[in-house]
Amino acid sequence: MTPPKRLHLHLMKRPKLEDAQGSESLPVEAQHTKPVRSRARKGGLSLLPTISLDVLFEIFGFLKPLDLLSLARTSKAFRNLLMRKSNAFIWRASRSLIPNLPECPADLSEPQYACLAFDPHCHNCCGVGFNIIWQFRVKYCGPCLRIHTNMEPAYSKPVITRLCPNLTELLPTYIFRDLRLRFTEMIQTSQYEALSLRLNGLDCAEQTLVIEETKKAVRAIREHADACKAWLSGVNRARSDELHQIREGRKRVIKEWLETEGWKPEIDYHTWWKISKHRAIKDSRPLTARIWSRVRPILTEYMSEMRTIRMEETLYNSRRRVLLQAWVDFLGEPASFPNTDVDVLPHVADVARFKPFDDIIRSPPHVVVERDTFLPAFVALPNLVRNWRRQVDQQLAAIITNGYPKEYAPAGDIRQLATSVFVCNTCEQLFFWIDAVAHNCSLDFPRGSSKERNDSFKEQVARIAYYSLGSSPWSPKFRSSTVLAIHVIRSCCQDPRIATLTHMDNTSTPFYCFACHPDGKTVMHWRKGLEHNHFHNSQDQVSDSSKSRLQSQLLSGRPPRTYRCLLCRRSVGAGRLMRSMTCHIEEQHGIGILSVQEGVHYVKEIDSIPDPITLSWDNGPIVGTWSEQNPYL
């Protein structure tokens, strides 16, 4: 069989372009053909092993051990060349470039020693590992080290020979520290098994000779491991000092630039220690011209945020406190401010966000803001409060609408319907419309440090304002309880689509609970019956630890008991405990504690749900019929 003919490929010569007279005879394709650039040949470095060895050895003398390892893994030719035992002088010359590196131990070859000291990969999983155990000649990553790869505690292994019962004298050991800071002396399982096989079947004299040789080898390994640890510690310390100098030089240059750009007030207020924590400032790379062009806009934006925070904390917060005092006066002295026709006024955190008030708060620093400065903004307050209440009603209406059953169409004003019932997601209390607007849990704001929450810049600025005013703006944290209200209203023989709160209060019959008051002497208003059944449903769904708290709520009123002042306008979050309420009335309205009366000066904050009443006669009360879905009442 004849071998196939070898094909020779030749490039076609491009036709020469003639002058203007002869160019008309050329084809169109030839006139517009672009010159073809020949592609470079790939694999040109594959011929490098074929050059003179003297030249190669001269090149290898400038490479470090990790470079030689990488080169040996590129091709078989380089591997065969560098892994020959006769070429160990290449590795020794490369190792001499590393200052203070201990000599190669007798139990390792030069490539093995270079791989142990410089290769960043784990010997077990080939992941990135930096935990070198010099005694065992291995390198592990964190997970492989924690699972004790090929390692066992020395105390867990039986004694190999009675001539030397202490295993730590015959085998190299590694002190392992777990997460509980407990120290355990570990040995390598393969070394233990190899030594056991070696001593098995030997007489006492031979075992004694082997033991002495093993002890000598172990001492040499430990001495070399200590030298390697000292060398690695010195390398890490030198690298740490080098990076520290680079960071300090970078910080110094950036600080001088920031001060020249006019950011010194921010540096003095926030301290340079805090500002230098930014990733663009504490970076360990040298500040070159290319890096500086990329870092400058980032630093400008960062310092602008620091300036905003400084203004919020030093200037705007003091003005918000002035507004807070003016708002307290507005609530406590209705005759001295314009009147509003809204039943529940917003919290001061919402008022501070209204544009007329916010413009005064954020006026230039040279403007002196006092209590009377906000009077023009209070003139526009009625319209602002109406718009705020309209938005609040829309959010509450959306919650109620989403809780309606399918094909359910209520009639009339949704705010007046008896089915408009809310349940707070925080305290699990039941509320009607106006009580939901004034509820305190809607003013909650996140606690903890910004580092734990990973807040954005806008959230940090907003949190500064909220802390100065004692609350965040109003936000609905409710869910609908319309389905339960529909069952209660139907049990009263009323149509839930059109039944209003006033109609239910005038026509509904009292209830009593068979589970909590089987004697039938404790009767409840229909609103209390609705809340009572809600607590029963919640008790069936919560854990045992919360059932005792719900049981106390079933048998008593609405804990915790808070009150609101009748001498002040009603606002969101105005509920106080009794002790705080009496102090408020004394300080704000000048009425002594002994003269304060319930119903005259204060009432319960949530007064739309009456407490149950215990009857004194023996006959059972008139009881409303309850549906099968809710058998408690």
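**Exercise 1.** Which helix lies across β6 and β8, and at about what angle does this helix run to β8?

*Solution.* The model is predicted: local features need pLDDT of at least 70, side-chain atom pairs count only at pLDDT 80 or more, and totals for chains, interfaces and linings use all residues. Residues are numbered from 1 along each chain as its sequence is written, and side-chain values use heavy atoms, without hydrogens and water.

Step 1. Helices (H or I, at least four residues) and strands (E, at least two) are DSSP runs, numbered from the N terminus. Strands pair if DSSP finds at least two bridges between them; three form an open antiparallel sheet in the order β7-β6-β8.

Step 2. β7 (430-431) and β8 (478-480) are the edge strands, each pairing on one side only. Between β6 (residues 422-424) and β7 there are two bridges; Val423 has Leu430 as its bridge partner.

Step 3. The helix is α17 (residues 381-402), at about 40° to β8. Axes are lines fitted to C-alpha atoms, for helices over the stretch in contact (heavy atoms within 4.5 Å), and angles run from 0 to 180 degrees between N-to-C directions.

**Exercise 2.** Describe the packing of α13 against α20.

*Solution.* Step 1. The axes of α13 (residues 289-332) and α20 (residues 457-469) are 9 Å apart, at an angle of about 25°.

Step 2. The two helices are therefore roughly parallel, a class for angles under 35 degrees.

**Exercise 3.** Where is confidence lowest and highest?

*Solution.* pLDDT is the predictor's confidence in each residue, from 0 to 100. The lowest mean, 40, belongs to helix α1 (residues 28-31), and the highest, 95, to helix α11 (residues 264-270).

Technical notes
Angles under 35 degrees count as roughly parallel, over 145 as roughly antiparallel, 65 to 115 as roughly perpendicular and the rest as oblique.
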